[in-house]
Amino acid sequence: LCLISGSANLPLSQEVGQYLSMELTPTVCKRFADGEIYIQILESIRGCDVYLIQPTCRPVNDHLMELMIMIDACRRASARQITAVLPYSGYARADRKTAGRESITAKLVANLITKAGADRVLAMDLHSAQVQGFFDVPLDHVYGSPILLDYLQSKQLSDIVVVSPDVGGVGRARAFAKQLNDAPLAIVDKRRQVHNVAEVMNLIGEVQGKTAVLVDDMIDTAGTITEAAKLLRKEGARQVYACATHAVFSPPAHERLSSGYFEEVIVTNTIPLVDENRFPQLTVLSVA
Ligand code: R5P
């Protein structure tokens, strides 16, 4: 078995290594003058089961290309089996055509990763479970929810209502609610007219006087979750917590999340957090 880290989230890979009592296999990853990526594995991995850890987070295209080059390097070094471990999968939201003449980029990315030579994939909280089927190799789909739930349970919150910030996330929120003593569910009916701009329309369910726990797969610009939180406050929620596996945190996420609508924002470390994105109400849990 060997563990190799890309450059996207070295602290997470190191934590996984500690958990397994394993050293990361040393590699060189550098750039040529024109931006091309150079990878070399510095030890023999002939016949090894290789786990390559690389979330394809921002800069998504660079991290994706780096992953494919690492896979190719491992394949050419005669690894027995290569598992691409994707704590976060960039482009997973592009999983269908929503207008004419668009690409289904999530499928294209699955093709590229497979074609590069990954024998298996381990992915966390894919935006939609169907993306599993885009890969023609075995894929293990794991979730951050047990870690988020453990933490929430330890807080012993009372009178919880679990809220999905959009209709697409209802399945996820329902599963979450079940684990929180079958808490009731509410749904925000979000309409999106422009990419990355969320517009909240309606709330389905009762939140008056309750502790609302918003659950999503990711927080990107935080438009979705903040608009939902505003609505919950307006509808009388006593407290609003936000939980998401992936802290994408593109601007202006920091301003939105720290603007006073949330008691706490709970995320995991599938994507490394830059210091500018930290704020007092933020809790980061480890998925290592
Ligand atoms: C969308 O369907 C996803 O589940 C997230 O709600 C969305 O991608 C978050 O994006 P943002 O934070 O930019 O609103």
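Is Asp159 buried or exposed? With 12 C-beta neighbours inside 10 Å, Asp159 counts as exposed; a residue is exposed if 12 or fewer other C-beta atoms lie within 10 Å of its own, buried if there are 20 or more, and partly exposed in between, with C-beta atoms placed from the backbone. This is a predicted model, in which local features need pLDDT of at least 70 and side-chain atom pairs count only at pLDDT 80 or more, while totals for chains, interfaces and linings use all residues. Residues are numbered from 1 along each chain as its sequence is written.

**Domains**

- The protein chain is divided into domain 1 (2–142) and domain 2 (145–285); these bounds come from an automatic or database domain assignment.
- The centres of domain 1 and domain 2, taken over C-alpha atoms, are separated by 28 Å.
- Ten residues of domain 1 are in contact with eight residues of domain 2, where contact requires C-beta atoms, placed from the backbone, to lie within 7 Å.
- The side of domain 1 that touches domain 2 comprises seven nonpolar, two polar and one charged residues. In this classification Ala, Val, Leu, Ile, Met, Phe, Trp, Tyr, Cys and Pro count as nonpolar, Asp, Glu, Lys and Arg as charged, and the others, Gly among them, as polar.

**The five-stranded sheet**

- Five strands, in the order E1-E4-E5-E6-E7, form an open sheet with parallel pairing. Strands (E, at least two residues) and helices (H or I, at least four) are DSSP runs, numbered from the N terminus, and two strands pair if DSSP finds at least two bridges between them.
- Strand E1 (2–5) and strand E7 (139–142) stand at the edges with a single partner strand each, so one side of each is left without a neighbour in the sheet.
- On average, neighbouring strands of this sheet are turned by 20 degrees against each other, direction ignored; the axes are lines fitted to C-alpha atoms, for helices over the stretch in contact, and angles run from 0 to 180 degrees between N-to-C directions.
- Strand E4 (residues 49–53) and strand E5 (residues 81–86) run parallel and are joined by five bridges. Tyr51 stands opposite Thr83 in E5.
- Pro138 lies in the loop between strand E6 (120–124) and E7, and counts as exposed with 11 C-beta neighbours inside 10 Å. The C-alpha atoms of Pro138 and Arg120 are separated by 5.1 Å, although these residues are 18 apart along the chain.

- Four of the five residues of strand E13 (residues 264–268) are buried, so E13 is largely enclosed by the rest of the structure.
- E12 and E13 pair in the parallel sense over three bridges, and Cys243 stands opposite Ile266 in E13.
- E13 also pairs in the parallel sense with strand E14 (residues 282–285), over four bridges. The bridge partner of Val265 in E14 is Leu282.

**Annotated positions**

- The UniProt annotation "active site", from an unreviewed entry, covers Lys190. UniProt positions are given in the numbering used here, feature names are shortened, and annotations may be inferred rather than shown by experiment.
- Lys190 belongs to strand E9 (residues 185–194) and counts as buried, with 21 C-beta neighbours inside 10 Å.
- The UniProt feature "binding site" (unreviewed entry) is placed at Asp34, Gly35 and Glu36.
- Gly35 lies in the loop between strand E2 (27–31) and strand E3 (37–41), and is exposed with 8 other C-beta atoms within 10 Å.
- Glu36 is found in the loop between E2 and E3 and counts as exposed, with 10 C-beta neighbours inside 10 Å.

**Backbone geometry**

- Most residues other than glycine have a negative phi, and most peptide bonds are trans.
- A cis peptide bond, with omega about -5 degrees, joins Arg58 and Pro59. Pro59 is found in the loop between E4 and helix H2 (60–76).
- Pro251 and Pro252 are joined by a cis peptide bond with omega about 5 degrees. Pro252 is in the loop between strand E12 (239–247) and helix H7 (253–257).
- Phe249 also lies in the loop between E12 and H7. Phe249 has a positive phi of about 50 degrees although it is not a glycine, and is buried, with 26 other C-beta atoms within 10 Å.
- Asp159, in the loop between helix H4 (145–154) and strand E8 (160–164), has a phi near 55 degrees, a positive value in a residue other than glycine.

Key:
Contact = placed C-beta atoms within 7 Å.
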